[in-house]
Amino acid sequence: MNTLSLAARDSATMLRRNLLHARRYPSLTLNLLFTPIMLLLLFVFIFGDTMSAGIGGGDRSAYIAYIVPGLLLMTIGSTVVGTSVSVANDMAEGIIARFRTMAIHRGSVIVGHVVGSVVQSVASVVLVGAVAVAIGFRATDATLLEWFAAFGLLVLFATALTWIAVGLGLISPNAEAASNNAMPLILMPLLSSAFVPVEAMPGWIQPIAQYQPFTPAIETLRGLLLGSEIGDNGWLAVAWCVGLAVAGYIWSTARFNRDPR
Amino acid sequence: MTTPAIAANRLRKSYGDKAVLDGVDLTVAEGTVFSLLGPNGAGKTTTVKILSTLISPGPDSGEIRVAGHDLATDPQAVRAAIGVTGQFSAVDGLITGEENMLLMADLHHLPRREGRRVAADLLERFDLVAAAKKPASTYSGGMKRRLDIAMTLVGDPRIIFLDEPTTGLDPRSRHNMWQIIRGLVADGVTVFLTTQYLEEADQLADRIAVLNDGGIAAEGTAEELKRLIPGGHVRLRFTDPAAYRGAAAALGAAVRDEEALALNVPSDGGQRDLHSILDRLHAASVEADELTVHTPDLDDVFFALTGGGVPQQPQQSEQPTEAVR
């Protein structure tokens, strides 16, 4: 068997293992879903009237439309925290040492985690999206092509964040540390255009909020689903995703190839 | 002569400026059981980790060949030939025993049908059929260890590393494990076994190396090692210090163990010898509270080689069950 098909086969085996874990122990993933869904309901039904007045009028449904793209990306951030935790847990397991002494494709352990995490992220996004639709989110003006592009962006964003999350999991000695280390991935959306426009923030924070990875991705998703102006945000979002994915890949692989502790 | 299963030259490894292994040479012939014996921290696990490609050897190590392949240039070929059961269980606790076995079959690229057959056979052989559908995290220590070895055997390895396979097991599980290891050897597999139990090495190993302080203190068959140190003794223990002193005076040649109020009298353990000791005690009107005959065993070798003489060592009193057998 050549190297590539060996890599693909072993990675598929590792993916099956990770999906089996997720299916058997869904509580971690479901807990992490709780945050974005709760925030969605909180912002729409509790703060909704005030917030929609703040972003320039309109009723509560206008604010639902505003907030959903950000929350979908936040869902990804929240799901990959689970990835950090499960990678850290996994690395503490003796079975990883066994994998390292077997004649398998070395990277397959990590690739299995990454693909599993992207699959879980997409499933979570679909669930949160369903809740959003149930409370009145509509993106009926988007063309089929725009839907595909939006889906592609979500997958790309999930891949980028996952590679970073895997790296964070690998440097964490245990699950608690992994959860703490990955916390910025949940908090970053709060400092983006997810809940309020960047222009409504204090001047000194605006450059950070404007150019951090979440804002361009949110603005692009908004543009694709709701027809707002995308501008430079499309390229910025793709550049951030590719950059984070490559950096996370190099970091995680180097980390995993080191002698274990 | 055939190629040895394992040939390691000047194995070195240090963490920071602490040398864990300081130039260890090992040769293991194919189809034999080789036991690496040593106290905690002697470097047994580090040796297994290096030979099984888990960690890299120190840069100043010599050539290391496992199953005829160079560890440095062809680690994948080494991995294809070996199986490893580490000290801490290498099973996936979140999935069932059967799923663990099928995972191994997939990673060895067995066709699905054959993978199922191999998994079922091994579960049967290691008495895990009843527990096969339960998560491995619910298994007892002995069951986990059996599953661990069953997983190691999926790829039909020619060389198996077992790092303290019986540590923490109850006596029954330990004897089961010994049977398993004997079965492996009968199939022609080479076994590299580390243990801190001398009896285990004595029972199983063709050759034994005593590792101490990062170096091989002695190597040979169990018989050869036992011949390295002087013979046995009779151990007399007292509760009354006066009786102890009286006996010590009557038995001039005894080695004294003041703390334990015990005397070790060099002896071959024969009837004549015992008679003479008892006669001398009787003549001095002292009575020992306990008398044990101690023939030389690996314990003596172990304690002699890993620091100090036999009776004076405090660890002797910490491990009474090991010493009296």
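User: In what order do the four strands of the open antiparallel sheet of chain B stand?

Analyst: This is a predicted model, in which local features need pLDDT of at least 70 and side-chain atom pairs count only at pLDDT 80 or more, while totals for chains, interfaces and linings use all residues. Residues are numbered from 1 along each chain as its sequence is written, chains are lettered from A and ligands numbered from 1 in the order in which they are written, and side-chain values use heavy atoms, with hydrogens and water left out. Strands (E, at least two residues) and helices (H or I, at least four) are DSSP runs numbered from the N terminus, and two strands pair if DSSP finds at least two bridges between them. The pairing in this open sheet of chain B is antiparallel, and the order is E2-E1-E4-E5.

User: Which strands stand at the edges of that sheet, and why is one side of each left without a neighbour?

Analyst: E4(B) pairs with E5(B) over two bridges, and E4(B) also pairs with E1(B), over three bridges. One side of each edge strand has no neighbour in the sheet because each has a single partner strand, and these edge strands are E2 and E5 (69-70) of chain B.

User: What angle does the direction of H1(B) make with that of E1(B)?

Analyst: H1(B) packs on the four-stranded sheet, touching E1, E2 and E4 of chain B, where contact means heavy atoms within 4.5 Å. Axes are lines fitted to C-alpha atoms, for helices over the stretch in contact, and angles run from 0 to 180 degrees between N-to-C directions. On that basis, the angle between H1(B) and E1(B) is about 120°.

User: Which strands stand at the edges of the six-stranded sheet of chain B?

Analyst: This open sheet has mixed pairing and the order E6-E7-E8-E3-E9-E10. Each edge strand has a single partner, so one side of each is without a neighbour in the sheet, and the strands concerned are E6 (82-85) and E10 (215-220) of chain B.

User: Which residue of E9(B) stands opposite B:Ser35?

Analyst: E3 (residues 33-37) and E9 (residues 207-212) of chain B run parallel, with four bridges joining them. Within E9(B), the residue opposite B:Ser35 is B:Ile208.

User: How many salt bridges does the rule find across the interface of chain A and chain B?

Analyst: The contact involves 27 residues of chain A and 34 residues of chain B. About 2,500 Å² is buried between the chains, 56% of it on carbon and sulfur atoms; buried area is the accessible area (1.4 Å probe) that two parts lose on being put together, summed over both. A salt bridge requires a side-chain nitrogen of Lys or Arg within 4 Å of a carboxyl oxygen of Asp or Glu, and A:Arg24 and B:Glu99 meet in one at 2.8 Å, N to O. Across the interface of chain A and chain B, the number found is five.

User: How many of the 13 residues of H11(A) are buried?

Analyst: Buried means under 20% relative accessible area, exposed over 50%, and partly exposed in between (1.4 Å probe, protein chains only). The buried residues of H11(A), among them A:Phe214 and A:Leu225, pack against helices H4, H7, H9, H10 and H12 of chain A. H11(A) is mostly covered, and its count of buried residues is twelve.
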